[in-house]
Amino acid sequence: MTDRYGVDGFWMDGEIGAVYTCYCDRCTSAFTQQTGITEIPRDKTQAHWEAWMKFTRDSFYEPVTRYTDAVHAHKSAC
Ligand SMILES: [Zn+2]
């Protein structure tokens, strides 16, 4: 898009509003691998809720950082 159409910026709408906890095997396994915590909390009254929320936020930021870094690597002014 930056090459063909000269796009110099993107607005990624709605990304942050779509951050939800996910209890699938892939996410819970990744959480355990990163933290060593094996009991996944289901609500904020349970142990490790803060770590679970941090994992959830980080899981959102990681792909956003990856694609914005790729765009900047290709066109730094974008
Ligand atoms: Zn998941």
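Let me begin with a term: helices (H or I, at least four residues) and strands (E, at least two) are DSSP runs, and they are numbered from the N terminus. What you see above is a predicted model, in which local features need pLDDT of at least 70 and side-chain atom pairs count only at pLDDT 80 or more, while totals for chains, interfaces and linings use all residues. Residues are numbered from 1 along each chain as its sequence is written, and side-chain values use heavy atoms, with hydrogens and water left out.

I will start with the largest pocket. The largest pocket holds about 190 Å³ of space, where a volume means the space filled by probe spheres set on the points, and the grid points are joined across faces, edges and corners. Which helix gives the largest share of its lining? That is helix 2, with 6 residues, and helix 1 (25–35) and helix 2 (49–74) each supply at least two. Among the lining residues are Arg26, Cys27, Phe55, Asp58, Glu62 and Arg66. By class, the lining has 4 nonpolar, 2 polar and 4 charged residues, if we count Ala, Val, Leu, Ile, Met, Phe, Trp, Tyr, Cys and Pro as nonpolar, Asp, Glu, Lys and Arg as charged, and the others, Gly among them, as polar.

Next come the salt bridges, each of them a side-chain nitrogen of Lys or Arg within 4 Å of a carboxyl oxygen of Asp or Glu. How many does a search of the whole structure find? It finds 2. In one, aspartate 58 pairs with lysine 54, with the closest N and O atoms 2.6 Å apart; these residues are 4 apart in helix 2, and so they are separated by about one helical turn. In the other, arginine 66 pairs with glutamate 62 at 2.9 Å between the closest N and O atoms, and both residues lie in helix 2, again 4 residues apart.

For accessibility, buried means under 20% relative accessible area, exposed over 50%, and partly exposed in between (1.4 Å probe, protein chains only). Arginine 66 is exposed at 52%, whereas glutamate 62 is partly exposed at 43%.

Finally, is phenylalanine 31 buried or exposed? Phenylalanine 31, found in helix 1, counts as buried because its relative accessibility is 0%. Leaving out residues up to four places away in sequence, phenylalanine 31 touches several residues, including Ile37, Trp52 and Phe55, where contact means heavy atoms within 4.5 Å. Threonine 2, in the segment before helix 1, is also buried, at 13%, and its contacts beyond four places in sequence include Phe10 and His74.

Conventions:
1 Å grid on protein atoms, 1.4 Å probe; cavity = no way out; pocket = protein on both sides within 12 Å on 5 of 7 lines; lining within 4 Å.
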